[in-house]
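Please look through the structure shown below. A short report follows, with headings to guide you.

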Amino acid sequence: MFESFLAGAELALRWETGLVMAAGLFLGIFVGALPGFTTLMAMAILLPLSFFVEPLIGIPFLIGVYKGGIFGGSIPAILLAIPGTGAAVATVLDGAPLARKKQARKALDVALVASVFGDLSSDVVTILLIGPIALIALQFGPPELAAILLLSMVVIAATSSGRFVKGLLMMTLGLMFALVGLDPIGALSRFTFDVFALRAGIPLLPLLIGVYALSEILLAIERRAAAEVRQAAGIREGARLTLADLRRCFRTIVRSTAIGTVIGMIPGVGQVVAAFTGWAAAKNASKHPERFGKGELEGVAAAEAANNAVNGPTLVPLLTLGIPGDNITAILLGAFIAQGLRPGPQLMSEQGALVFAILIAMLLANVLFLVIGYLAIPLFAKVVTIRRSLLLPLTVVFAFVGVYVASSDPFDLYVLVFFGAFGYGVRKLGFDVTPMVMAFILGTPLEVAFGQTLSLSQGDVLGYLLSQRPIAVTLLLLTPVVAYLLWRRSMRLRRVAEESAGKA
Amino acid sequence: MTPADHSPRESGPVRPRWNYDTACALAFVALGVVLFVLIPYQVARPLMMFGQMASGLQPERFPQVVAAFLVGFGLWYLWQSRGATEASGFATLAPGGALRVLITLGVLVLYALLLEPLGFVPASFVVAFGLSLFLGQRNLALGVVVCLGVPVAIYLLFTRVLHVSLPPSALLGGLI
């Protein structure tokens, strides 16, 4: 493992990798700063670009977009009281009041420092943990893998927005979409309705771009968000962040980093839960909790450190087990697959140097992150007021380009439009699309693992599991328990968010 | 995980039994039933060897499980819908919103249809410029420059730099 780490370090220290990460960071912050444009959208649209370059260029580029986007969302959160990304919702609670008190620049500075610290620390933890977890994952067989996949999907459904049963229904819908094409065990045709293009199944890229990017565009068009040009708080006046401010926030940043790091490793939980948990923990630990929600600098630091600390560890289940922990890592999974790399237990043993190279590149990206963020904050502050009447149509063009270049098949464009309309419709009806996407991605590996378990058990699944696969049984028993606990926690955090937003 | 302002909103006291949640629940139950009915017609039969099927997971088993879950979770949702208070997001559509979305969807389908016959640059310009006008862009010169310049730049980036093909047009002798 150590040899892989050293080989990875050698691979990562190339100027091309640094350059594309810087480009990705810049683009990510830019997109994150645009209200109504999500990091997810940017990554979905830019994903096809990674197909035509080598893995150490394409994947670090997407990771740069991801990191930049999570921080970028704090810019409109502070300047406009509009979270640029879901992860920045908790930042609005104290960021917007600080901007109203003419401390916008200080708030942006602390958001940047907290983001970089949280991200950097969690990347170090990821590098330390990934080897041992990969070794454990290698011991897993089909029953354990099936159990973990089921656990992941149910957890994601439990932590999705809306009712638990709606998350489960979307998850089942995703499994249904995954049935289309050839069955993964016998390669027999299923639900193709004699459409030749469907024999390869529903393509992943148009589905991702459709539900995450196109549906968002349709929602913005419905609300006439194109016409909205809001007045942003200025950042020229007001004090900058001082060392004394930073010292005051340091303990909060460290606490939130720890919270975000742990949450990042759990599939399905993600930045939003991390941000609110970090914010709530900071408020509880503060000597002046009454200041939170009214312009407390530690509130911004807590939310940003926690949501950025998720970035690194969220790759752990993806790289070691092949399970995307959230929608962002689902897109990264697409990038890995396009490069001929299948994340999972074998990846570390077969391509360990490459994996470590990517993780080390992520670590180095934090230095670039600090520099680019610090120098470009005034520029990004202007981005929030760009008219959507030009950006939205161009985003449509980018979405179509991304889908077309991946396969040169016009059929994929119709799939893109279908899932754009589908994503719009289900979101208006209060369903979260993420469980559907996760189940679509994990459905085939789940069916394969289930089929292999059946073969191994020779007809007596229960007896086989109970007598020879205690880990799988434990995971299966844990599934409803963990789902219930996470669902209760997310309900409580949502209530905290609603109460705080109501008071702010 | 989705932005809160697109979700249904709390509408106060418990609504009548027939509400949008009930309709959605019934739709999921119906989908599960339809899926189950379609299985014999849409799932190919596995090969028989010496009068026996291959062992392991049969291709129709997983679809049957999925259909059962759709029906089961649909019925659970139906039960919960009796006490639901959220209003559908469609009930709070922005004025003219439905028409804007439908027109946009029509434009997107047209874009998919015309991308190859017309070529990437002309099709993208027509769609981007048309949509920008539809969304309120009033500076026509800026609109033309941006909506033409960006597709041209994208075309050159992909075809000349990344060596990936995009449908050419008849413009400039097929240059773009």
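H11(A) passes H13(A) in a right-handed crossing. A crossing is right-handed if the near helix is turned clockwise from the far one by less than a right angle, and left-handed if anticlockwise. Helix H11 covers residues 243-264 of chain A, and its axis lies 7 Å from that of H13(A), at an angle of about 35 degrees. Axes are lines fitted to C-alpha atoms, for helices over the stretch in contact, and angles run from 0 to 180 degrees between N-to-C directions. Helices (H or I, at least four residues) and strands (E, at least two) are DSSP runs, numbered from the N terminus.

H11(A) brings residues including Asp245(A), Arg248(A), Cys249(A) and Thr252(A) to the contact. H13(A) brings Leu297(A), Glu298(A) and Ala301(A), among others. Contact means heavy atoms within 4.5 Å. By class, the contact has eight nonpolar, five polar and three charged residues. Here Ala, Val, Leu, Ile, Met, Phe, Trp, Tyr, Cys and Pro count as nonpolar, Asp, Glu, Lys and Arg as charged, and the others, Gly among them, as polar.

## How to read the model

This is a predicted model: local features need pLDDT of at least 70, side-chain atom pairs count only at pLDDT 80 or more, and totals for chains, interfaces and linings use all residues. Residues are numbered from 1 along each chain as its sequence is written, chains are lettered from A and ligands numbered from 1 in the order in which they are written, and side-chain values use heavy atoms, with hydrogens and water left out.

## Helices H11 and H12

H11(A) also meets helix H12 (residues 270-285) of chain A. Their axes come within 9 Å and cross at roughly 145 degrees. This crossing is right-handed. Among the H11(A) residues in the contact are Thr252(A), Arg255(A) and Ser256(A). Gly270(A), Val273(A) and Ala274(A) are among those from H12(A). The contact divides into seven nonpolar, six polar and one charged residue.

Ala303(A) lies in helix H13. Ala303(A) counts as buried because its relative accessibility is 0%. Buried means under 20% relative accessible area, exposed over 50%, and partly exposed in between (1.4 Å probe, protein chains only). Beyond four places away in sequence, Ala303(A) touches Ala90(A), Thr91(A) and Ala275(A). Thr257(A) is 46 residues from Ala303(A) in sequence and 9.5 Å away in space, C-alpha to C-alpha.

Asn311(A) sits in the loop between helix H13 (297-309) and helix H14 (315-321). Asn311(A) has 2% relative accessibility, so it counts as buried. Its side chain makes a polar contact (3.4 Å) with the side chain of Tyr66(A). A polar contact is a pair of N or O atoms within 3.5 Å; within protein, one must be able to donate a hydrogen and the other to accept it, and residues adjacent in sequence count only if both atoms are side-chain atoms.

## Nonpolar cores

A nonpolar core is a set of buried Ala, Val, Leu, Ile, Met, Phe, Trp, Tyr and Cys residues joined through side-chain atoms within 4.5 Å. The largest has 194 residues. Met436(A) and Phe120(B) have the most contacts inside it. Helix H16 (residues 345-383) of chain A gives the most to this core, with 18 residues. Another core, of nine residues, lies apart from it, and includes Ala90(A), Ala275(A), Phe292(A) and Ala303(A).

## Chain B

Chain B has five helices and four strands. Along the sequence, the pattern is β-α-β-β-α-β-α-α-α. Of its 176 residues, 43% are buried.
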